[in-house]
Structure formats: structure tokens, C-alpha cells
Amino acid sequence: MNPMQDILDHYRDPEHFGVCDGHTHKFHSKNVSCGDEVTVYLKIENQTVIDFSFEGKGCAISVAAMSMLSDEIIGMHVDDIQKITPDFVVELLGIEVGPVRLKCALIGLDATKQAISDKL
Amino acid sequence: MLKELFPIFNHKPELVYLDTAATALKPTVVLKEIFDYYTLYSSNIARGFYPIADMATQKVIDARKKVAEFVSAKPNEIVFTSGATDGMNKVALGMLGKISKEKSDLGSLNVVVCENEHHSSLLPIVAQAQNFGVQVKIAKEYSEIESLIDSKTVLVYVTLASNVLNHKVDVARISEVAHKNSAFVLVDACQAVSHREVNFRELGCDFLVFSGHKLYGPTGVGVLVVKEFAYSKLDPIFFGGGAVEDVSFESNVKITLKTGFEAIETGTLPIAEIIGMAAAIDFVNGISMKTISQKEQELSAYLLSQLKSLDFVELLEPDLEHAHVISFNIKNVHSHDVAFMLGQKNICVRAGQHCAHLLHKKMGLHGSVRVSFGIYNSVEDCDRLLSELKEINSMFNER
């Protein structure tokens, strides 16, 4: 599939959008320069993410990145989530992302890492 | 064809550059002047006793005269800075710092600004006022500025042309009201200086700033215009070589500074950039500001009329007939996505809040797409933009 079309599909109908039941961790992040906002919810048991969701508003790149990442995050050990690199997110998106747009792509990942480190 | 004068189009002929409000492209003549300085007479100014230093010194003296003529000021009213933000900070900190030494009732004094402004302009003044305990009066609209000025106002800041909208601000009138109250007026001319004539005398303000890079010149250089008598109201905020008349450490430390622009221009100036900026002014004068204004007005009128015919476009200022900046959104599409998609097609626009968060917040917008013109733009550029906007709308809203 055309990566841009894939991004648009995730943007229109994101995976794991909303508030997951019984979440143990939560973090809200905002990019004031563009108004993008995301809140991530994680249910963590034995250091492993057993459920994950997010909600918020943002550009196609930020929403699609979070949507794509959500499938990856569920089932991961929290230590492994902290090791996810920006390159991994860019690879998921499948398009070149410049330094300015990288902030959009990473808003969800950064929020997820923050949620884990805040609570643990 | 003006595009031929800009070498970037030789390398990227497909480029549609509609982001001059962020920075203007550079013509060959500007780049050549900078290259010549570094290759033919690279030296420091005002301190060398050899021919190439004389040449560099003379070039900067000439540049000062040229800049002064360009804005209808005197050469000794021209302070070279690293850019408009630098100039803003020099006035905000210099003036309030000076006042803090002279007056004890700082809490009763105030500065007046408008919340529509660019952060570069707004924040230096607001932050320094807070640092010195001076009140900040914030106008919701430019029309409110006058009514906020009173006998306790020390500084009024106003922009000549916004980087997001197309307000008309009567700076001369504001200056008149401010001066009646013994307040000083600082004007940001960044977005005006490359689109229309800026006359420091007619504006009646005391300080005016702009950047070279928005005027087809290089980055790293700007201008602070200071009315001659207003120098005495500015404390220098940087100290160093070039600005000092005499230093004595005998009984106690005594630093005697030079006066006027020399007290403010410390250290080695951005010589190449100043020379490049002067070349940019020659370039603009060669085409004539009248021609530039007329061409940009025609282009903006064309683009606005086309944008108004597109039902998926939401213009921030729908009543305009022409404009120096055109800000809009595509319904249901984030401004970043619009700019990104346009970027994929080599069309350069700005998106986001354009360093004007308060303004966007007031309008209830996450951001906007901004188109701004330069002398290299054409109707063809507008048509390519319009065609891609239709494609983006179709991609996001119709498929």
C-alpha cells in the first residue's frame, strides 16, 4: 500500500483510540506550537503493557504514528518501550519525516515513555 | 523573469516558494557581494591600517548610509544587529534597564503591547517588563492601543505589518499619542520592509527594527533604527570591543562608552552580512518598491479571488482583496498536513501558529497555512498551489 494512503487510513480510523478500561498509567502531552494533543492510557501488569489506548487531536502524522505504534506497544515490556527509537516510528510511517515533522511523529511515543516513567 | 535572478531556481526549477514572510530567497547579486568580501577583502573593520581593511570599513560605512536612506533615517541612527529579535531585546532591556536606574516607582509604570504580535516582538518587552516589575498592558486589538497609553506609559510596541493577518495600524497616530504622554514607540517593520516603503520619519516612532533576511539579504543581520535623542534612553546591554572610549582600572573601574550606535555595536559586526544586506537594498531599489508592491498586490488579489471560490478553504480574513500574507485552512485538515503535502510537491508554505500563539488562541484555531509572496512569484505559482490544494482536499475529505 502507498505509505501516505496507509497514514491517511490510520488518521481517519485510528487503532486503539479512546480510553482503555482499567488503565494504570496515563499521560497528557501537548505540542503548543501546533496545538496537537494526545493522552495515552496504559494498563501495565508485571512490567508488561497488556492494554493501551490514546485519544486526542492532531495532524495525520501524529495520529497515524500513535495508531501504528499502539499495536506494537501492546505486549511489550516497559523497558523495551523505553528503548523504542525515533527511527522505529519513522519506519512504521514508511515516509521520510524531516526534523520539524518528527516532533509530530513522536508526540505519542514521548507521552507513552513519560507515562511509564512517571508512574513506575 | 525575476526567477532567473535567484540561483535556487537554477538548482530547483520546480520550486514554488511562497514563504517569504519566513525568509526571502537570495538573489545572485547578494551572494556575490558576500563571496567578494570573503575572497577579495576579508578583514575586520575600523581597526586595520591596510588597504583591504579600509575597503571593508568603507563598505560598512556605505551600507549604513544605504540602510538609512532606505528607511528615511540618518546614518548615525542605524544600529546593526543580528536580526529583529536582537533589536527588540536591545530596546526592551536597554530602555527598561536604564529606567530602573533612574526611577524607583517601577511598579507604577507600564508598557503597552498588542496580543496579536509575533513572539519575537512581544516576548522581549513583556518578559523584561516582568523582570523589572513594570506593568504590562495588553491590547486585544491594535485599535485599543491608543486608549491604553497614559502618563505612566514608558514604551509602546506596535508592528507595522503582522506575520499572520493584514491589520492596518496607524503607527504615526500611535506615536503622536505616545509622545504626548512622554512614552517611546518601538515598531517592528520585519513584514513590511520588503513589501512597501517604510519611512522612519513619517512613522514618528523612536525605534524601528527589521531583519536583513526578509529583505532578500542574508541571515544573521538586522537593523535597529534609533532616533538620535533616544540613544540616551538606552543602556547598552552588551559590553566589549569597539564600543569603548576609555577604560581605567586605577582607583576604581571606570568604563567610558562611545555614544550613539557605536555604544551598542560591540564586538566584530557581521561584516559580510551587512554588505550582503546593502546589496539586497540595491537589488530592491533597482526593481523599485513600487513595482514590488504592485506585483505582489496583483498576485495576492488573484490568489485570494481563487481561494474564495473554493468551498473547502477557510480564509482567516475573508474580506480582503489583496494582502501581504494570506492565511487559511482547508476544512478538516490540519495545517501541518497541508504544508507537508504541499512540500512533497515542492511548494513551500508555512503552517502552524507562526509564533503568534495568542492570536491563534483568540481565533480558536490550532494553526493556519500561510502564503506570502516575494518578487520571484508568479500566477503560475498560485495555480500550482491551487491545484495541489484541491488534490489535498480530495485526499483528506473525499476519498
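Colleague: In what order do the 4 strands of the open sheet in chain B stand?
Modeller: The 4 strands form an open sheet with antiparallel pairing. Strands are DSSP runs of E of at least two residues, helices runs of H or I of at least four, numbered from the N terminus, and two strands pair if DSSP finds at least two bridges between them. In chain B the order is β11-β12-β15-β14.

Colleague: Why is one side of β11 and of β14 in chain B left without a neighbour in the sheet?
Modeller: β11 (313–315) and β14 (350–352) of chain B stand at the edges, so each has a single partner strand. Neighbouring strands of this sheet are turned against each other, direction ignored, on average by 30°.

The model is predicted: local features need pLDDT of at least 70 and side-chain atom pairs count only at pLDDT 80 or more, while totals for chains, interfaces and linings use all residues. Residues are numbered from 1 along each chain as its sequence is written, and chains are lettered from A and ligands numbered from 1 in the order in which they are written.

Colleague: How many bridges join β12 to β15 in chain B, and which residue stands opposite B:Ser327?
Modeller: Strands β12 (residues 325–330) and β15 (residues 368–372) of chain B run antiparallel and are joined by 4 bridges.

Colleague: At about what angle to β12(B) does helix α11 of chain B run?
Modeller: Helix α11 (residues 289–308) of chain B lies across β11, β12 and β15 of chain B. Axes are lines fitted to C-alpha atoms, for helices over the stretch in contact, and angles run from 0 to 180 degrees between N-to-C directions. For α11 and β12 of chain B the angle is about 20°.

Colleague: Which helix gives the largest share of the side of chain B that touches chain A?
Modeller: The contact (C-beta atoms, placed from the backbone, within 7 Å) takes 11 residues from chain B and 10 residues from chain A. In chain B, α12 and α14 (379–398) each supply at least two residues of that side. The largest share, 3 residues, comes from α12(B).

Technical notes
Contact = placed C-beta atoms within 7 Å.
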